[in-house]
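Please keep the sequence and the structure in view while reading.

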Amino acid sequence: MHKISSFTGQARHGWEKMAPMGFGVSRPQASPQDYTTAPPSAKRSLPGASMSPNPGAPGHLVNLSFNVPFHSNLPGPDKEDVLYSSTGAFQRWTHPEGAADDKPTHALPVHTRNVENLRSLCKQISEGSGERLHATVTSSKPKPVPGMQRGPLTALVTNVCVSGEAEVVHKVRAKILSETPITLRREIIDIDREIVFPKGQEGARVDILNHVDDIADKTKADIFLLEAKSRRKDSESASFNTALEKSMDKRLQIHVHGDMESSENAKTRLLIMIDQILQRQVDTIRLELSLHSLLSGRHRKNVKQIESGTGTAIYFPPMFPTVFGYVAPGSMPLRGRDEIIITGESMDNILQAKKRLHDLVLTTKTFVKDVQITTSKVDYILLDRLDKIRRIIEANGSYVLPPLGNHSGVLRVQATDILNVERTVREIMGLAGQFYSASWWVTHPDPSQRQPTPSDIRAMLPDICINSGAEITFEKLNFHINGSDDSVKAAMSIINTLPFVKKAQSTLRVKVELANEHKEFVSGKKNGKINKIMSQSNVQIVFDGFNEYNFYIDVRGAQYEATKNGLDLVELEMPASISFHVPDQYHKRIIGIGGQHIQRIMKKYSVFVKFSNAMDRGGVGKDDDDIKVDNVICRTPARNADNLELVKQEIMDMVEKDDAEFVSEHVPVDRLYHRELITRMAEIEELEKKWNCKVTFPGTEQASDMITVSGPEYQVPQAVDEFLGMVPGTHDIEFPTSDELSAYLHSNEFRHEQLQKLKDQYVVEATIHETKQERQGDKDVTVQRLVLSYTRNNAGGLKDAIDFLLLPFLSRGLEVHDVKGAIARPKSDSFEDNMPFFESKLLQRAEPPVSESPTRSTFGEEASSRSIFDKLRKPSSMASFSSFMDRRRKNGSNSPASLFMHASSNASKASLVSMESRDSGYRNPWNDSGVELDHEGPNGHATAGAASSSHHGNGWGSFSATTSRPNTSSNSLSGAFDNNFPFGANGNASTSSLNTPMIPGLGMVNGAGMPGTPAVVAGDATPRYDAKAHDADSAVLNGDVSLLTPVTPATAAGAESTPVLPVETSTSTTSSTSGYPAPIAPPN
């Protein structure tokens, strides 16, 4: 990626005048004109200042109306699921007894209390100002705005309208936002039932519940212990996979409700508590907060290597402490803002991790850049897009110092590499472009119309804000509107309906921010596009330089309809883009001799395509992550955006299936087992090389089960399958036994016939456990327990394995309904009618007629046909197969692109990265982001995963069945809470910092040495995977079997326009070199 040179913004287009630039720190705004007499075009204001929140001159009265982002649609837990809650939490987060079932979420006591507190705060501010200030609170549901597409309008919106002197009003806004809990959220932690409810003990462990209460009291978060998903009433599921996963998930859930700061603190403390119960030591280290994400590396690569090499878990503090300024009354800070907590098997491991972190600090270079940013937009980005900022920072290993509330207008970005600084700044500047600012000056009011009184204004502004979502300042018949693109346009359409505005003469102005590199793109040759828009819609359009990355498009008009049409036409000329990854070795053949291939595609679809190789992105020596960076950008005006997907598809047709279409898949694995997997990093790196994929683990402090596997769409399912082969699972079966059954269980026949076949055919091992006596009804019965062990990639065949295992028992008198743990058939099985064909060996071996693929002939590749069944892990690996079929279903549509398989529903959404305005169907269609911001994936806290191996000692590597629990009691929790971790096996662990001299030899603590830990493999290289060599071997091993689907040529247009090179003719059954079938098209 080239570093784009600084744009001065002085070289203006033909119709613009030269004007001073607003670079550097934005200057305070000059006293505004009285626009009741002169239109705004009479004088240009400073570009940097014109976007500030429009503070007026001293003593100048303004009305400011803004929405307070209470998350009033955040629900509480179901009453039936709550096993335990901290003091007062249950009353706050559930509806009182006798309340109607359909009572809305915003009526929960916690939400109504927040609104009441806001009312009393505003009343106190108004009374304390001596009539100089009026602050009123309005709550209502938004109504749909005509012509605006918006999401479901169910949440209650709370608005504050403040009237008074301009300077004081903006200070009051900052005070209100920093003193209300505006960021309520829910964090989820999964915990094994045996930790809270030990076997052989009645009820829960008292010391754990006391500690939970203590955490809730000190952080002021509300904590709930909820029943496991598999035991809830709503756990019935129709699909085979989800039924299986839910039956596997027997963990309890801890829900932490609170504002961002307190919920993060409470969550980390609960995770430390779980670690200490698992006999792990705890220590802390303090490092400069702004270095944390730099040390972690891109996608936390460095930290995962340290955790892998030392067997520790590293918990980083929140990335933006006190970013919103709210601190829950009475809460205590439980850790320093820059304090990293490390847990490990022994102090020796922790000291090794500390030393490696220290070494990283010494070797880390830092590049810093200050960037000017529109002052008013900083607040919107932090309030609406904080998760996006966090993902940008994690993806680039950078850090941003956010100046919330201080209105400095300067953003400081730092990273370990100039390239990552540039990427981060561009991403954030792209986010700024999603927010508009507009002004509406009523220049000549209609004398026959009554002008609004102060009380009218205080009723009118909240109504506009609640229904549009924008923030509005009103002074001297002038409206200044700020907010997301949709909310600004909605607010203007509402203002246009006001009687005193409708009949008056007005001047309107909308400012849109866009990247400098798109200036020529939007204006056209010799400003042709812009001149055409100005003549068509009777508006004036000015390009206004802002900083080295962005410029403003200023659309000005005298009527609302003209301005709206002009803005719409400008938006249609803005660049919509899609970016994706194509391995560098394909670029030459896609471009063609003299660019003929790519020129033909660009001409056909009116889309500009740009390739960048490793050298453009900063040299070949960059870390391996860059191999997967999006290196093809397709760009076209937004009116032509539908063609982007077609261009992408045509380019991807020229890429071998083994490398096509980079996608991501999320794999749920119990978060505690991540530690076992991380210690096998060498195996995971081999897997990554083999399938050309990348395995990314979540941050330890996120407590997420989701591991992300990303790579080419045809390789990811196989990589996931092999990865799940490293994850064990267990399943329990219990049934009443008799003498005959017991004799059969211990016979050689059962051992050789059933258990051996079970292992060979289903890759499932069964272990016979001791019998136990149970009272069922009025008689005592002997209950036999079998534990089935398997790896997760074979979980799909578990039901068949259980049926096979129980068959001889049923013939010896066992009743089906007496078996506990048998997996019931799903209620609806979409494969049910088709499965007989899949099982038929006769049909499976049929050789389908296959025609040549037009795109393959371009490259003259010979390939052997193989069946999809060769790729899917045997036996009956439903997990792999159904995930493959799900993706086919999800991506089906009527567009030509749907004739080709997309491996994941989240593929190629890079083009929609910036299409993010909330509550809206319209999205901002321009962005060149290299990082896919919108990979939300499934809920980060999804808990479907491996069943915890709680019945025998090898479940977790961290402690065995023989390890005794720590002797903790509620008495040990009463001491000071500063840095004490009361669940430690040896009381409070040491808190040595980097200033303390390291122990020679690293950690011979009390003479207890530590066996040598495996060396960390440097880097995570993923060299090319040789598809041809692999396929040649596999074809011999697996037999030459092909899927029962005829493959037809691609669409006629694509077939005609593909240049055919002279190639050797191959057999008529040639298919692609991948194990998956070629694109399946409907019959012509």
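What percentage of the 1084 residues of the protein count as buried? In this model, which is predicted, 56% of the residues fall into that class. The accessible surface of the protein comes to about 46,300 Å², and 54% of this surface belongs to carbon and sulfur atoms. The protein has 35 helices and 29 strands. When contacts with a separation of 6 or more are considered, 79% of them are between residues 24 or more positions apart.

Helix 9, which spans residues 301–310, is mostly covered, since nine of its 10 residues are buried. Among these buried residues are Lys301, Lys304 and Glu307, along with Val303 and Ile306. The cover over the buried residues of helix 9 includes helix 8 (292–296), strand 9 (312–315), helix 10, helix 23 (674–679) and helix 24 (681–691). After helix 9 comes Gly311, which has a positive phi, near 65 degrees.

**Lys354 in helix 10**

Helix 10, which is named above as part of the cover of helix 9, runs over residues 347–363 and holds Lys354. Is Lys354 buried or exposed? Lys354 counts as buried because its relative accessible area is 2%, which lies under the 20% cut-off for that class. The side chain of Lys354 makes a polar contact of 3.1 Å with the side chain of Asp283, and the side chain of Lys354 also reaches the backbone oxygen of Thr284 at 3.1 Å.

**Salt bridges**

|---|---|
| Glu179 and Lys175 | 3.0 Å |
| Asp207 and Arg205 | 2.9 Å |
| Lys772 and Glu774 | 3.6 Å |

The surroundings of these residues can be described in turn. Glu179 counts as partly exposed because its relative accessible area is 39%, and its partner Lys175 is also partly exposed, at 34% relative accessibility. Asp207 and Arg205, by contrast, are both buried. Lys772 is partly exposed, with a relative accessibility of 38%.

Technical notes:
Residues are numbered from 1 along each chain as its sequence is written. This is a predicted model: local features need pLDDT of at least 70, side-chain atom pairs count only at pLDDT 80 or more; totals for chains, interfaces and linings use all residues. Side-chain values use heavy atoms; hydrogens and water are left out. Helices (H or I, at least four residues) and strands (E, at least two) are DSSP runs, numbered from the N terminus. Buried means under 20% relative accessible area, exposed over 50%, partly exposed in between (1.4 Å probe, protein chains only). Contact means heavy atoms within 4.5 Å. Accessible areas come from the Shrake-Rupley method with a 1.4 Å probe; for residues, only the protein chains shown count as cover. A polar contact is a pair of N or O atoms within 3.5 Å; within protein, one must be able to donate a hydrogen and the other to accept it, and residues adjacent in sequence count only if both atoms are side-chain atoms. A salt bridge is a side-chain nitrogen of Lys or Arg within 4 Å of a carboxyl oxygen of Asp or Glu.
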